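Dear colleague,

I am handing over the structure below for your files.

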Amino acid sequence: MENKDLLSPLKLGDLTLKNRIIMSPMTRTRVNNRDVLLPIAAEYYRQRAGAGLIISEATYITPGGKVRTSQPGIFTKEQVTAWKKVTDAVHAEGGFIFAQLAHSGRSAIPEYNDGLPAVAPSALIFDSGAHGSVAEKGLEPAIPKALTLDEIKNLIETYRQAGQNAKEAGFDGVELHAGNAGLVEQFLHGVSNIRSDQYGGSLENRARFLLEVIDALISVFGKDKVGLRLSPHDRLSDQHDPDPIATTTFLTKEMTKRGIAYINLLEPHNKFDDYIPYPEGDPETLENVRKQFSGVIIANGGYDKASGNEALENNKADAIAFARLFLANPDLPHRFKHDLPLNQPDRSTYYGNSETGYLDYPFWEKAN
Ligand SMILES: Cc1cc2nc3c(=O)[nH]c(=O)nc-3n(C[C@H](O)[C@H](O)[C@H](O)COP(=O)(O)O)c2cc1C
């Protein structure tokens, strides 16, 4: 029988990952005032190259699409060059890295987006559950401008260009961020999408934007190098899917048709987790996605070594993404392998601009 614990290898398209421990995307905001990653980012990612696969922090694809006050972009030459230093560092250590491509849609604040208006499927503002710069700065969300059909078409081309840029920057593939209240999710959910054209209304229509972006990314990287990130239980910024089973069924069937590399599913398993509370009454979606999708499933949300191995052994997923544990333990696979104690993450340094809480989490072997 196939050995499927966290430390066993995994085929992902034509890549062979050395283990099934994935570094989950994490925004760390170590950028300059042009949203270019600081040189320290190469060292941060290099430290974590023991992961089977690193998924980069959300990198925004175009001016106006930034959720925090500062975040790396992937649309200027300078930004792409900085990302290349990261991918080179990861590859030098024998690791693989995908870029997470993001657009914040209505969560953007013009003040931190060169004065550009926030854009969204519909001109609907959210009342609660703010994150990013809105929460960070105690600001009111901006009323977004509803995208025209031409603008939607242009945005899909912008995603394609971001895919090209990711390729130029040396990434092994791309992950479309379709969760966490970003633009793609805003199209998916009726609560933020009341369009009456082909991008609104039925589930098929609300999913159209996502599918067209996925197809654009496949046109750049090929299906084996494209992943999809979903968070079906999202409640950030008023997002809510009243029927996550229907949505994930439709999307996973479409992804199976296309044969993409993986689906990365954030499903809060730990119902007492303060970072990602599990919404009361929501059905679990992992099993449903597993049933419908023939590619690799990366499960995420509150896992540790034991629960990760259990999910793999019970064939619920093929790999597990760890965020906070990887943030605090650059040598997480080594620690798992030898059952070593774990460093605890310090929330106060998640974001910011400093090396503290970024480069200085100790490696077990160096500290002991
Ligand atoms: C500091 C921080 C930044 C994050 N940034 C992103 C991001 O850029 N993109 C994303 O999809 N998820 C982001 N997340 C969510 C994580 O990838 C992950 O889904 C969540 O932390 C649950 O996994 P965990 O229980 O292993 O920490 C972030 C989480 C943290 C702690």
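**Findings**

Ala-166 is part of helix H4, which spans residues 149-168; helices (H or I, at least four residues) and strands (E, at least two) are DSSP runs, numbered from the N terminus. Residues are numbered from 1 along each chain as its sequence is written. Please note that this is a predicted model, in which local features need pLDDT of at least 70 and side-chain atom pairs count only at pLDDT 80 or more, while totals for chains, interfaces and linings use all residues.

Ala-166 is buried, because 30 other C-beta atoms lie within 10 Å. A residue counts as buried if 20 or more other C-beta atoms lie within 10 Å of its own, as exposed if 12 or fewer do, and as partly exposed in between, with C-beta atoms placed from the backbone. Leaving aside neighbours within four places in sequence, Ala-166 is in contact with Ile-74, Ala-99, Leu-101, Phe-171 and Val-174; contact requires that the C-beta atoms of two residues, placed from the backbone, lie within 7 Å. Between the C-alpha atoms of Ala-166 and Gly-352, which are 186 residues apart along the chain, the separation is 24 Å.

As to the whole chain, there are 13 helices and 12 strands. For 368 residues, a compact globule would have a radius of gyration near 21 Å, and the 19 Å of the chain agrees with this. That radius is taken over C-alpha atoms, and the globule rule is 2.2 Å times the number of residues to the power 0.38. The C-alpha atoms fill a box of roughly 60 × 45 × 40 Å along the principal axes. Of the 368 residues, 51% are buried. Among contacts between residues at least 6 apart in sequence, 76% join residues at least 24 apart.

Eight strands form a closed barrel with parallel pairing, in the order E3-E4-E5-E8-E9-E10-E11-E12; two strands pair if DSSP finds at least two bridges between them. On average, neighbouring strands of this sheet are turned by 25 degrees against each other, direction ignored. Helix H7 (residues 208-221) packs on the sheet, where it touches strand E8 (173-177) and strand E9 (226-230), and its direction makes about 175 degrees with that of E8. Axes here are lines fitted to C-alpha atoms, for helices over the stretch in contact, and angles run from 0 to 180 degrees between N-to-C directions.

Eight of the eight residues of E4 are buried. E4 is also among the elements that cover the buried residues of H1, as are helix H2 (77-92) and strand E5 (97-102). Those buried residues of helix H1 (residues 40-47) are Ala-41, Ala-42, Tyr-44, Tyr-45 and Arg-46.

Finally, the ligand is surrounded by 23 residues, the closest being Ser-24, Pro-25, Ala-58, Ala-323 and Arg-324; a residue is near a molecule if its C-beta atom, placed from the backbone, lies within 6 Å of it. Strand E4 (53-60) and helix H11 (324-328) are the elements that give two or more residues to this shell.

Yours sincerely
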